[in-house]
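This report describes one protein model, with its sequence and coordinates shown below.

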Amino acid sequence: MTETTASAPTESVNLDETLVEIRGLKKHFNDSDGILTNFKLQTDEGFPVTYQPDKVRAVDGVDLTIKKGETLGLVGESGCGKSTLVRTILHLLEPTDGEINFKGKDLASLSKGELRNLRQDMQMIFQDPQSSLNPRMRVGRIVEEPMEAHGLLDKERRQRRAKYLLEKVGLDSSHYNRYPHAFSGGQRQRVNLARALSVNPDFIVCDEPVSSLDVSIQAQVLNTMKELQEEFGLTYLFIAHDLSVIRYISDRVAVMYLGQIAEIGDKEAIFDNPQHPYTKALLDSVPIPNPHRRGERGVLKGDVPSPINPPTGCRFRTRCPELIAPEKFDLAETEWDRILTFMRSVDRREFTFDSRENTVERFFDGGVPAGEAGTVVGDALDSLESEEWDEATELLTNAFAEQSVCATSEPQPYTQSRTNGTMHKTACHHYRN
Ligand SMILES: Nc1ncnc2c1ncn2[C@@H]1O[C@H](COP(=O)(O)OP(=O)(O)O)[C@@H](O)[C@H]1O
Ligand code: SF4
Ligand SMILES: [Mg+2]
């Protein structure tokens with residue numbers, strides 16, 4: 001590698017070319033801290049009993065395609081598996097199952113040495129620029145280190161390249177001899193960029209790279225990243241929890257929920273025409289008025305369930321404001337909405353039960369639904385009258401939530417393309433044909 005090839009645009013980017021392809025990717029952890037691992041007990045009868053620790057299903061069946069030269073934004077609440085997904089894609093974590101193809105090569109089929117060589121093409125930038133830079137190393141050495149590790153260039157040319165890259169990322173070649181503590185957060189993230197670029201990668205995974213920076217600094221760093229992408233023909237996989245950052249940087253967006261992709265599509269499709277109830281709820285939780293908003297949408301309530309025991313069927317169903325009514329009740333839309341609100345409020349103990357009448361008034365506008373559904377609601381009210389909240393929750397959940405198609409069948413990513421040319425895939429039963 002020479003500076004000339006590195007400084008010129010490395011290649012003309014063909015956006016139709018696939019760089020990364022992931023199929024059925026899973027990453028399960030055995031437990032949270034590694035204390036409980038598989039062990040066998042010998043019972044008195046002499047039968048061995050195997051203790052199976054709980055599995056944390058951090059990533060649980062992800063399909064993704066990342067095209068050369070694009071930025072794929074990855075969003076989702078904390079704990080949804082974003083960091084685990086990207087670390088598994090880079091093989092920093094061993095996948096539990098599934099396939100990762102990078103530049104047409106199946107990473108699992110590579111030897112350690114081949115994987116190490118390929119690593120040069122895949123770099124990562126982390127959230128905290130403070131802790132990812134060695135405080136005892138001068139910035140120039142920090143940038144040179146990956147080149148040295150991969151045996152690139154001789155010492156003098158590595159120095160020249162480091163200085164050249166410091167300028168490219170918006171610093172100054174005179175910063176070469178300074179230590180990280182002399183830099184601001186934004187500048188440190190620029191050092192990280194130079195370091196990642198030093199080995200001339202194709203693919204840079206950015207895990208919340210600007211989340212710890214001031215908003216004004218974020219914009220500057222993001223702009224630099226966009227410029228570098230253009231100049232060096234880079235492909236980004238970019239995690240951020242801030243939707244405005246995702247909107248600014250991404251070409252396409254993947255929305256992740258509890259180890260799976262809920263929706264993926266062109267940026268415009270996701271932001272202007274979100275389909276998945278989770279995406280809608282995420283967008284609604286942003287406190288900026290959205291002129292494209294049509295009608296009422298549910299606000300995101302409750303926590304992300306544990307990935308140790310994720311809900312059956314659709315993983316979002318325990319919080320979904322659009323949960324599908326069980327067919328057997330044949331309920332009108334408003335009736336179902338009321339039952340759903342009642343069921344969730346009982347489950348979350350969101351109100352004080354003073355009297356049956358007031359509760360019916362509050363949730364059912366005076367009258368419970370007729371038929372079998374009404375009987376269940378009546379039974380739940382009986383339980384509440386005797387202060388049996390758990391029992392009421394169980395009655396309602398078993399009769400309604402667990403009978404929904406959302407609980408009994410796992411939604412697949414259904415594809416929709418729009419007349420304006422945008423397309424998305426949505427894993428929600430509402431979009432089955
Ligand atoms: N090494 C690990 N061992 C056990 N559980 C883990 C480990 N790393 C992450 N997890 C769990 O996996 C889930 C996903 O975590 P993470 O990928 O960090 O999510 P995100 O980046 O979206 O916040 C969380 O429940 C987290 O606690
Ligand atoms: S499948 Fe059901 S629970 Fe899941 S997002 Fe769609 S409507 Fe909601
Ligand atoms: Mg994370």
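## Helix packing

In which hand of crossing does H11 pass H14? The crossing is left-handed, a term used if the near helix is turned anticlockwise from the far one by less than a right angle, right-handed being the clockwise case. The model is a predicted one, in which local features need pLDDT of at least 70 and side-chain atom pairs count only at pLDDT 80 or more, while totals for chains, interfaces and linings use all residues. Residues are numbered from 1 along each chain as its sequence is written, and chains are lettered from A and ligands numbered from 1 in the order in which they are written.

The axes of H11 (residues 333-347) and H14 (residues 389-399) lie 9 Å apart, at an angle of about 145°; axes are lines fitted to C-alpha atoms, for helices over the stretch in contact, and angles run from 0 to 180 degrees between N-to-C directions. From H11, Met 343, Val 346 and Asp 347 meet Trp 389, Ala 392, Thr 393, Leu 396 and Thr 397 of H14 (contact: C-beta atoms, placed from the backbone, within 7 Å). This contact is made up of 5 nonpolar, 2 polar and 1 charged residues, where Ala, Val, Leu, Ile, Met, Phe, Trp, Tyr, Cys and Pro count as nonpolar, Asp, Glu, Lys and Arg as charged, and the others, Gly among them, as polar.

## Arg 344 and burial

Arg 344 is also placed in H11. Arg 344 counts as buried because it has 22 C-beta neighbours inside 10 Å; the cut-offs are 20 or more other C-beta atoms within 10 Å for buried, 12 or fewer for exposed, and partly exposed in between, with C-beta atoms placed from the backbone. Lys 301 is 43 residues from Arg 344 in sequence, with 9.7 Å between their C-alpha atoms.

## Overall fold and sheet

The protein chain has 15 helices and 14 strands, which are DSSP runs numbered from the N terminus (helices H or I, at least four residues; strands E, at least two). Of its 433 residues, 39% count as buried.

One open sheet has 8 strands in the order S8-S9-S10-S5-S11-S12-S14-S13, with mixed pairing; strands pair if DSSP finds at least two bridges between them. Its edge strands, S8 (122-125) and S13 (414-417), each pair on one side only. Within the sheet, S11 (residues 252-257) and S12 (residues 260-266) are antiparallel over 6 bridges, and Arg 252 stands opposite Asp 266 in S12.

## Ligand 2

Around ligand 2 there are 14 residues, of which Cys 314, Arg 317, Cys 320, Cys 406 and Cys 428 come nearest (near: C-beta atom, placed from the backbone, within 6 Å). The shell divides into 9 nonpolar, 3 polar and 2 charged residues.

Conventions: Two residues are in contact if their C-beta atoms, placed from the backbone, lie within 7 Å.
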